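Here are some friendly notes to read alongside the model. Please keep the structure open and find each element as you go.

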Protein chains: 2
Amino acid sequence: MSRRAAALVVGNEILTGKVVEANVPLLAKMLFELGISLERVVICRDHEDTIVRELDALRVSHDVVFTSGGVGPTHDDVTIPAVAKAFGVAIRRDEDLAKRIRDHFGARTTEGHLRMADLPTGGLLLANDKVHWPVLAMENVYVLPGVPEIFARKLEVVRERLGESAPYLSAAIYTRCDEGTIAALLARIETEHRVLVGSYPRFDESDHSVKVTFDGTDAKAIDAAVDACLAALDPGLVVRIERAR
Amino acid sequence: MSRRAAALVVGNEILTGKVVEANVPLLAKMLFELGISLERVVICRDHEDTIVRELDALRVSHDVVFTSGGVGPTHDDVTIPAVAKAFGVAIRRDEDLAKRIRDHFGARTTEGHLRMADLPTGGLLLANDKVHWPVLAMENVYVLPGVPEIFARKLEVVRERLGESAPYLSAAIYTRCDEGTIAALLARIETEHRVLVGSYPRFDESDHSVKVTFDGTDAKAIDAAVDACLAALDPGLVVRIERAR
């Protein structure tokens, strides 16, 4: 049984259309490679009570939870206090981290900077040699920043910790079929071969009209599903095949 | 009091990292322009019970709800039956729509195609002259497809229906300040001027290190907040200003 993951993206800038969310695609790909199933993503406002409520639900319903955003020094950065409240623990200043912040900012250090050393009691700090500041892990919740470059670097730290279960594999058939025509076939293949079959139509100038995907952890089952699908499709409408790697 | 909106994005392809979600940015921008506050986005799997549960919560907690994805002819398209279940109504085949589908696909028409005419009882079909197929509205829920080109066209149909309340306005100051240094200033301006102040750091080769945004519905209040912020910032660190339009 694979682990189930969820993500909470915090940011008014995404919900007002100022910034296009860029961290979920990266997270989704990494979890797929690790064989962890991303089941649910919630995007919410920079509002402490809202984050507390969302996080308190996700940390119980899912094995692993990621947050993105709301961890800087300004008034709209409220994710860390919300994590503490969701776990019912106090915030304490991590003196080692506060010292590193003072060393880094020197005479320019403000209370805003030092707030970044205020962590939920019981939180762990994870690091490798690629990140300047550590990643906060609170039980099954990993707290990551919204800025995509830093999110990506910190995600690598989390990847090392999560390790690998059986990775997911994916195959695809690109066709010029009409989606309605092959609907019954795809439903039958999903049931008979116990792989997850997806169907993604396109209405642009692409070389195919429907991409059919076959996902699972068993390479033989995926291959068999692809073969069964190919046997039933008009070969003249099959544009190309990607086997599971 | 502005209307509150939520969105439910349905799609395994997004949660497995195969496809980058592209409809939320468009929806978020449109709602901001209309003065409707997008409060929450949930991304979930193509799983009927999950969609029912998510939608049943969102339709009650928010004034307007949008779904994206899961409305085609294949087995993984389960949004429409889920909408019916969330509202506790039966699915019925819309005979007008079924006839249009038969006219369109002719002899190639399958039961998969015709399933697209199965609608929740009480649902309305909205259209304008730009869309080939109508948009389903079920009370406060608008059901849109996942394919971005069609999502965009159908969203225009919904825009006409939603009309405009007081639109949101946004101003921005791009600075080379350090975020921690201006944190206290930004918190004070948000409180004193009653506008929503956001702070977005960058760590790339951009010409600025922090973009500060000022959102609200009152242009004078936004202008005053921008002026107050400029008066307190080192002018040498201000890169450029965008006034609220």
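1. With 5 of the 5 residues of β3(A) (residues 64-68) buried, the strand is largely enclosed by the rest of the structure. Helices (H or I, at least four residues) and strands (E, at least two) are DSSP runs, numbered from the N terminus.

2. A quick word on reading the model: residues are numbered from 1 along each chain as its sequence is written, and chains are lettered from A and ligands numbered from 1 in the order in which they are written. As the model is predicted, local features need pLDDT of at least 70 and side-chain atom pairs count only at pLDDT 80 or more, while totals for chains, interfaces and linings use all residues. Chain A averages a pLDDT of 94, with 100% of the residues scoring at least 70; pLDDT is the predictor's confidence in each residue, from 0 to 100. The model scores ipTM 0.89 and pTM 0.90.

3. Chain A is assigned domain 1 (4-162) and domain 2 (169-242), with bounds from an automatic or database domain assignment. The C-alpha centres of these two domains of chain A lie 38 Å apart.

4. Now find the open sheet of 4 strands in chain A, ordered β10-β11-β9-β12 with antiparallel pairing. β10 (196-201) and β12 (238-242) of chain A are at the edges with a single partner strand each, so one side of each has no neighbour in the sheet. From one strand to the next, the twist averages 15°. Angles run from 0 to 180 degrees between N-to-C directions, and axes are lines fitted to C-alpha atoms, for helices over the stretch in contact.

5. Strand β9 of chain A (residues 169-175) is joined to β12(A) by 4 bridges, and the two run antiparallel. Within this part of the sheet, A:Tyr174 stands opposite A:Arg240 in β12(A). Helix α8 of chain A (residues 179-193) packs on the sheet and touches β10 and β11 of chain A, its direction making about 165° with that of β10(A). Helix α9 of chain A (residues 219-232) also packs on the sheet, touching β9, β11 and β12 of chain A, and its direction makes about 10° with that of β9(A). Contact means C-beta atoms, placed from the backbone, within 7 Å.

6. How do the two chains meet? The contact takes 53 residues from chain B and 52 residues from chain A. On the side of chain B that touches chain A, α8(B) gives the most, with 8 residues. Since 98% of the interface residues of chain B are also interface residues in chain A, the copies meet through the same surface.

Terms used:
Pairing = 2+ DSSP bridges. Contact = placed C-beta atoms within 7 Å. Buried ≥ 20, exposed ≤ 12 C-beta atoms within 10 Å, placed from the backbone.
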